[in-house]
Amino acid sequence: MKVAVLGGGPGGLYAAALLKRLDPAREITVWERNAPDDTFGFGVVLSDETLGGIEHADPVVYRALQAEFVRWDDIDIVHRGRTLTSGGHGFAALGRRRLLAVLHERCRALGVRLRFCTEAPPAAHLARDHDLVIAADGVHSTTRTAHADVFRPRLTTHRCRYIWLSADFALDAFRFEIADTGHGIAQLHAYPYAHPSPDPHPSTTPQRPPRPSPARPGGSDGGASTVIVEMREEVWRANGLDSSDEHASAAWCAELFADTLRGRPLRTNNSTWIAFRTVVNERWSHGRIVLLGDAAHTAHFSIGSGTKLAVEDALALAACLREQPTLPDALAAYEDERRPVVASTQRAARASLAWFEDLATYTAQPPHQFAFNLLTRSRRVTHDNLRLRDADFTDTVAREAGVPDGTPPMFTPFRLRGLTLRNRVVVSPMDMYSADGDGTPGDFHLVHLGARALGGAGLVMTEMVCVSPEGRITPACSGLYAPEHERAWRRVTDFVHAQAPGTALGVQLGHSGRKGSTRRMWEGIDQPLPEGNWPVVAPSALPYRPDVNQIPHALSAVELAAVREQFTRSAAAAARAGFDLLELHCAHGYLLSGFLSPLTNRRTDAYGGSLAGRLRFPLEVFDAVREQWPADRPMTVRISATDWAEGGTTPDDAVAIAAAFAEHGADAIDVSTGQVVPHERPDFGRSYQTPFADRIRNTLGIPVIAVGAISSWDDVNSLILAGRADLCALARPHLYDPHWTLHAAAEQGYTGPGAPWPLPYQAGSRTPPTGRTDAPKPRLTLH
C-alpha cells in the first residue's frame, strides 16, 4: 500500500507511524508545509484513556511520551480575587514541539518519508497513484474545501477571540482566572506542560512537583506553562486588541494577569487572536481520501480534546485498515467507530464553549457555586463525579448554597408564588393520546398521573390539554373545554391530593395550530388522519409539511379574540378542577409557538413582523389566562428557545421572549427547544437543551425549568447546585420508572422530607434482596 499523509501534526504523524509499524512494506510519505519545529501553540493535554491506546499500539512512542509528561491533580479557579482549589482531577501535558519530535523520530526509525517545507499536491492528484490519502491538514483543510460537495462541511465561527501564549515557569495547577478589563471580562486558561528542570535520569514514573506554600499562585522556576487568554469579540475590540500585534497583545495579557504570572512576560509563537471554528462534516471519506483530526472535526480547546481526538482517529484508522478486507470497508468502519465518540466530545465542547462565551452572566454567583459551575460546564463532570474527586470541595459548595447536610440538592424545596414544591423534580408534560374521542380524560390518565404523583416528584404535569376540539393534535388528545372534561380532571386532582399529599399537579394548556388533525404518534407522527380531518389554523397559511399536512387558515383578528376566549374558559375550568399550577404552551410549533417564530409567522399586521409583534398574541393570551387563574397559584410558560433552523428563533430571541413573559407575571419559564419546523437540525445529546435554560436564568434572574434528555439524578443535582436551573423536568425516565424520584432518593441514601414514601409503599423503600452473590469465607487458612 502506498500512503500519502497531508499534514505533519500529531494525528498525521501518528497515523503514518502506526500504518508503517503494522506493515513495514507500506510506502508512506508525510507532507508538511512548515519546518519540523514550527508549530502552533505550546502545550498539549492527553487523557489516560488516549495514553492507554498509545501504549497498546506502540510502546516505543508511549515510553518516550511518558518520560516527558507533567501530571497534575488540582484545578485552581480565581474568582473575584479569591482562589478556590478542587483536587483529584488528574491530567497529563507536554510540549507540542516535544510531542512532534518524538513522532518525527519514530517515523524516521520506521522508514516513513517526512517532507518538510513542501506544499503537498492536491489530494485528488495524490489519489491517482496512492492507495490511500490521509488528509490531516487541519482546521483550514484545503482537502475538505476542494471536496466540499462530498464532505459537506458545516463551519461555525464563535463569539470569542483567544490567543495562545506561554509562560517561562510551571504553574502548580491547572488554572482558570477571570479579570475585568474595564470593557468587559477576559478569562485565562493555563496549565503546565514542561518540568521545572530537566532530569538527566528521568524516572519512568511521572513526577508531580509538590505544591508550594503558602504563596499563591504557585509554580516552580523553570519549566513552562501554556497560557490562553480569551474574551468576547466586543471586549477584544473595545480593548484595542484588534489593532495590536502579537507582542503588544502578549504584553497586554501579561499585565492583566500579572499576579498569576508573577510579573513575568509571556512568550509568543506566531500568536494571533483567533475566533474558534467548529468543524462538522457529513462524510469523512471520498474514494481513497479520508479526513482525520481537525480536518474532520474540531472541539473547543477548553476541554483539551483536539490532539486527543486526532491521535484516537489515527489509532482507529490503523485498526480498521488492519481488520477490514477492503479499503472502502475500512474507511466506513473507521467513520462508524469514531463518529459517535466525536459527536459526544463536540457536544461537551460546545457546552463548554458556550459557557465561556456567556461567562459574564455567572460572575455574580457565590464563589464556590461559580467554581462548581465552571467545573461541570461541559456536563461530563457531574456532581457525583466531582464528589468522588473532591468531596470536601463539593460539600462546601452545597453548604454555601444553603443545602442541608445529608440532602442532595434535588431534594431541596422551591417556592413559586403561593406554591412550595418539596423537591426540584418535575414530571414533564407528555402527550399520551389516550383520551376518549370527545377529549375526556379517563382511567388511563388517573392511573398514569396518579402513579407518577405517588412516585415522589415535586410537580407532575399533564399532557398538553387542548382548549377546543379543533385545537387538539389528534382525536385522542385530552381537552378542557366541556363540563365532562372538568369533572374528569377533578377526579385526577382529588386522587393526587388525597393519596400523594405534597405533590403538586400542573395543567399545560395549549392549541395545536397547524400541527393538529393528525394521527397518534405510534400510527404516524405528524401524519394527517386517514379520514375525519378537521380544518387547522395558524398565524400564517404555511403547512407544517408541504404536500403532507393541510394548509392552515390564517387567523383573523376576530378569530384571534375567539381563541383567546377559549384559553380563558379552559383556565377557569382548570382552577375549578383543582390544579395547583398552570403552564401556557408556547413551544414546539403549536399555535402560540407559531406566532413567536419568524419561520412560521409571516403576518404583516400588528401580530407579525418584529419580535414585539410576534409576541403580541401570546402575551394577550397569557394576560387573559393570568386574570382568570387564581392569584396565589403560579403560572409558567413553555417556550422553544431555538428552532434549530436557519432564520428561526435564536437564543437571544429566547431571552427576550422569556423577559416579556416574566414582565407580564410568569413565575417561571419552562425552556424547551425545536419541533417548530420539520427541517430542524437539533444537537441531540444528554442534557442538550439545558444551556438555553441556563442562559435565561442567569441573564434575567428568573426561575427556569430545564428539560431535554436529563436522565439521571446526578444530572439534576449538578444543574441545581450549579445554578443553571431551578427545576428539572424529566419525561422518558418517568415512563421507564414511575417511582424515579423515590428511587433516586433511595440510591443516594436520602430519607428526608423532600422524598417521602407513601405509607402503603414504605415496605418497598429499600432495594429488594437478590440471589446470593458471595460465598462463605474460608473457616481456616493455613500458610
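Axes are lines fitted to C-alpha atoms, for helices over the stretch in contact, and angles between N-to-C directions run from 0 to 180 degrees. The model described here is predicted.

**Helices**

Helix H2 spans residues 48-57 and helix H3 spans residues 59-66; their axes come within 6 Å and cross at roughly 135°. H2 is therefore oblique to H3, since angles over 145 degrees would count as roughly antiparallel and those from 65 to 115 as roughly perpendicular. On the H2 side, the residues in contact are Leu51, Ile54, Glu55 and Ala57, and on the H3 side they are Pro59, Val61, Tyr62 and Leu65. Sorted by class, this contact has seven nonpolar residues, one charged residue and no polar residues.

**Aromatic rings**

How many aromatic pairs does the structure hold? The number is 20. Two of these pairs are set out below.

| Pair | Centre to centre | Angle between planes | Arrangement |
|---|---|---|---|
| Phenylalanine 411 and tyrosine 750 | 4.8 Å | 5° | stacked |
| Phenylalanine 595 and phenylalanine 617 | 5.0 Å | 45° | tilted |

Phenylalanine 411 belongs to the loop between helix H15 (391-400) and strand E17 (414-416), while tyrosine 750 belongs to the segment after helix H26 (740-747), so their pair ties together parts that are 339 residues apart in sequence. Both phenylalanine 411 and tyrosine 750 are buried.

The pair of phenylalanine 595 and phenylalanine 617 also links distant parts of the chain. Phenylalanine 595 is in helix H20 (residues 591-596) and phenylalanine 617 is in helix H21 (residues 611-628), 22 residues apart. Phenylalanine 595 counts as buried because its relative accessibility is 0%. Phenylalanine 617, with a relative accessible area of 0%, is buried too.

Ring pairs also link a cluster made up of Phe91, Phe174, Phe176, Tyr191, Trp355, Phe356, Tyr362 and Phe370.

**Arginines over rings**

Two aromatic rings have an arginine over the face. Arginine 262 lies over phenylalanine 169, at 4.1 Å from the ring centre. Arginine 633 lies over tryptophan 629, at 5.3 Å from the ring centre.

Note on methods. Residues numbered from 1 in each chain as written. Predicted model: local features only at pLDDT ≥ 70, side-chain atom pairs only at ≥ 80, totals over all residues. Heavy atoms only, no water. Helix = DSSP H or I, 4+ residues; strand = E, 2+ residues; numbered from the N terminus. Parallel < 35°, antiparallel > 145°, perpendicular 65-115°, else oblique. Contact = heavy atoms within 4.5 Å. Nonpolar A, V, L, I, M, F, W, Y, C, P; charged D, E, K, R; others polar. Phe/Tyr/Trp six-rings, centres within 6.5 Å; stacked < 30°, edge-to-face > 60°. Buried < 20%, exposed > 50% of the residue type's maximum accessible area, 1.4 Å probe, protein only. Lys NZ or Arg CZ within 6 Å of the ring centre and 35° of its normal.
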